[in-house]
Each structure stands twice: as C-alpha cells, then as structure tokens.
Amino acid sequence: VGYTVTCPAEMDELDGFDPTGMTGYEPLDRLGLDLHTVLRRDVLAVLDADGIGTLPGFEDSRGATAEVALGRALGLRVAPVDRWITDAILAKRAVS
C-alpha cells in the first residue's frame with residue numbers, strides 16, 4: 001500500500017530470537033537478548049520513521065510501548081496497522 005515497513009520484532013527474529021509464548025515481561029538477558037542493544041536499534045528505527053503502526057497487544061511489550069512513547073514524543077502519527085492500511089487504500093482510490 002505504499003509504505004516501507006520496519007518491524008523491530010522481525011529484526012529480533014532475524015537475530016535468532018523467538019518470542020513464542022512470551023508475555024513481554026521476561027528477563028530477556030537470560031534468553032540471549034540484550035534489551036539495551038535492541039532498544040538502541042529500535043530507537044534509531046523510530047527516529048527514521050514517518051509514523052508507527054501498532055499491532056494488537058503492543059501494550060504488553062516493553063519494547064513496543066517504548067517505541068510508541070518515543071514516536072508520540074516526536075510527534076509521529078501512531079495508529080493501528082489496519083488503520084494505516086485503510087487510509088492508504090482510501091487515499092489511492094481518491095487519486096484514481
């Protein structure tokens with residue numbers, strides 16, 4: 001729909017991290033994930049973003065809530081992913 005998507009969760013998975021069955025509050029260092037390093041990477045991604053699309057349950061992730069808070073502080077549009085998709089489809093129809 002015209003967006004370039006950067007997904008921190010997918011970046012984690014590419015680094016070998018599997019969040020299956022997690023609540024979002026586990027001690028990640030015991031699972032081989034350094035939260036400081038991951039959040040640094042995610043902050044840089046937010047700084048390069050034009051907006052943030054949230055997924056259901058993002059409130060249960062420390063990383064996602066930090067990304068959303070930073071996005072809001074920066075004045076970025078923060079909306080559910082399905083809203084971004086709907087808006088893009090409607091915009092495309094408007095110019096057709």
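**Before you start**

This is a predicted model: local features need pLDDT of at least 70, side-chain atom pairs count only at pLDDT 80 or more, and totals for chains, interfaces and linings use all residues. Residues are numbered from 1 along each chain as its sequence is written, and side-chain values use heavy atoms, with hydrogens and water left out.

**Stop 1: the whole chain**

Select everything. The protein has four helices and two strands. These are DSSP runs, numbered from the N terminus: helices are H or I, at least four residues, and strands are E, at least two. From the N terminus, the order is α-α-β-α-β-α. The C-alpha trace spans about 50 × 25 × 20 Å along its principal axes.

Colour by accessibility next. Of the 96 residues, 21% count as buried. Buried means under 20% relative accessible area, exposed over 50%, and partly exposed in between, with a 1.4 Å probe and protein chains only. Now turn to contacts, meaning heavy atoms within 4.5 Å. Among those between residues at least 6 apart in sequence, 69% join residues at least 24 apart.

**Stop 2: the strands**

Select residues 51-54 and 77-80. These are strands E1 and E2, which pair in the parallel sense over four bridges. Pairing requires at least two bridges found by DSSP. Gly 51 has Arg 77 as its bridge partner in E2; Ile 52 has Val 78.

Which residues of E1 are on its covered face, and which on its uncovered one? Ile 52 and Thr 54 are on the covered face, Gly 51 and Gly 53 on the uncovered face. In a regular strand the side chains alternate between the two faces of the sheet.

**Stop 3: the largest pocket**

Select Cys 7, Pro 8, Ala 9, Gly 53 and Glu 67. Of the 44 residues lining the largest pocket, these lie nearest its centre. The elements giving two or more residues to this lining are H1 (8-14), H2 (35-47), E1, H3 and H4 (81-95). H2 gives the largest share, six residues.

The pocket holds about 1,400 Å³ of space. On a 1 Å grid over the protein atoms alone, a pocket is an open set of points where a 1.4 Å probe fits, with protein on both sides within 12 Å along at least five of seven lines; lining residues have an atom within 4 Å of a point.

**Stop 4: Asp 42**

Select Asp 42, in helix H2. Asp 42 is buried, at 3% relative accessible area. Leaving out residues up to four places away in sequence, Asp 42 touches Pro 8, Met 11 and Glu 67.

**Stop 5: Gly 53**

Finish in strand E1 with Gly 53. Gly 53 counts as partly exposed, at 39% relative accessibility. Leaving out residues up to four places away in sequence, Gly 53 touches Ala 79, Val 81 and Trp 84. Now draw a C-alpha to C-alpha distance to Asp 15: 22 Å in space, for residues 38 apart in sequence.

Definitions and conventions: Grid points are joined across faces, edges and corners, and a volume is the space filled by probe spheres set on the points.
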